[in-house]
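Look over the sequence and the fold before reading on.

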Amino acid sequence: MSSKSARRRSREFALQGVYQWLISGNSVPQIEDQVQQAEGFDKADAELFKALMRGALEAPSELEAEFAPFVDRTVAELSPIERAVLTLATYELKNHIEVPYKVVINEAIELTKSYGGTDGHRFVNGVLDKVAAQLRSVEVEARKAQQTKN
């Protein structure tokens, strides 16, 4: 039996939804209904799932514009998993400041390790470090200052 938290499961299901949207182009409500029928969804935080998936798909091109300067190819050339993870994590970094940026990045890395290619997590980590420095500069600088004290 898996010991994943409800929040981790929510992010996994949100990733599946964003991925499905990228691949199929189906409507958000249609994908949401489908994902909520998936096995194990009852162990997820349904509200967090909805907030993340709807938020990421509300204006995906705006989120992609936040991370595009930090990728070495066009957004369209990213693997669908990397693109979905970066979109989701960028949304969370931008709109859920109650979640520490390191948690957002670590969750994105874990999702990429589970669903992405061999070294995709390294790529995602590098991009999100730069996105976090841009979107959460105060938090990132405070963490750096704290680390130099220790």
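Rings of Phe, Tyr and Trp (its six-membered ring) pair if their centres lie within 6.5 Å. In this predicted model, such ring pairs link Phe13, Phe41 and Phe49 into a cluster. A search of the whole structure finds two aromatic pairs.

**Aromatic rings**
- A pair of aromatic rings is described by the distance of the centres and the angle of the planes.
- Phe41 and Phe49 pair edge-to-face, at 5.1 Å centre to centre and 85° between the planes.
- Phe41 counts as buried because its relative accessibility is 8%, under the 20% cut-off.
- Phe49 is also buried, with a relative accessible area of 0%.

**A charge over a ring**
- The charged end of Arg73 sits over the ring of Phe123.
- The distance from that charged end to the ring centre is 4.7 Å.

**Helix α6**
- Helix α6 spans residues 101-115, 15 residues in total.
- From first C-alpha to last, α6 reaches 21 Å, close to the 21 Å expected at 1.5 Å a residue.
- Buried residues in α6 are Tyr101, Val104, Ile105, Glu107, Ala108, Ile109, Leu111 and Thr112.
- The cover over these buried residues includes α1 (6-24), α5 (80-95), α7 and α8 (137-149).

**His121 in helix α7**
- His121 lies in helix α7, which runs over residues 120-135.
- Is His121 buried or exposed? His121 is buried, because its relative accessible area is 17% and buried means under 20%.
- Leaving aside residues up to four places away in sequence, His121 touches Ile109, Thr112 and Lys113.
- Ile109 and Thr112 are among the buried residues of α6.

Terms used. Residues are numbered from 1 along each chain as its sequence is written. This is a predicted model: local features need pLDDT of at least 70, side-chain atom pairs count only at pLDDT 80 or more; totals for chains, interfaces and linings use all residues. Side-chain values use heavy atoms; hydrogens and water are left out. Helices (H or I, at least four residues) and strands (E, at least two) are DSSP runs, numbered from the N terminus. Buried means under 20% relative accessible area, exposed over 50%, partly exposed in between (1.4 Å probe, protein chains only). Contact means heavy atoms within 4.5 Å. Rings of Phe, Tyr and Trp (its six-membered ring) pair if their centres lie within 6.5 Å; planes under 30 degrees apart count as stacked, over 60 as edge-to-face and the rest as tilted. A charge sits over a ring if NZ of Lys or CZ of Arg is within 6 Å of the ring centre and within 35 degrees of the ring normal. The expected span of a helix is 1.5 Å times one less than its number of residues.
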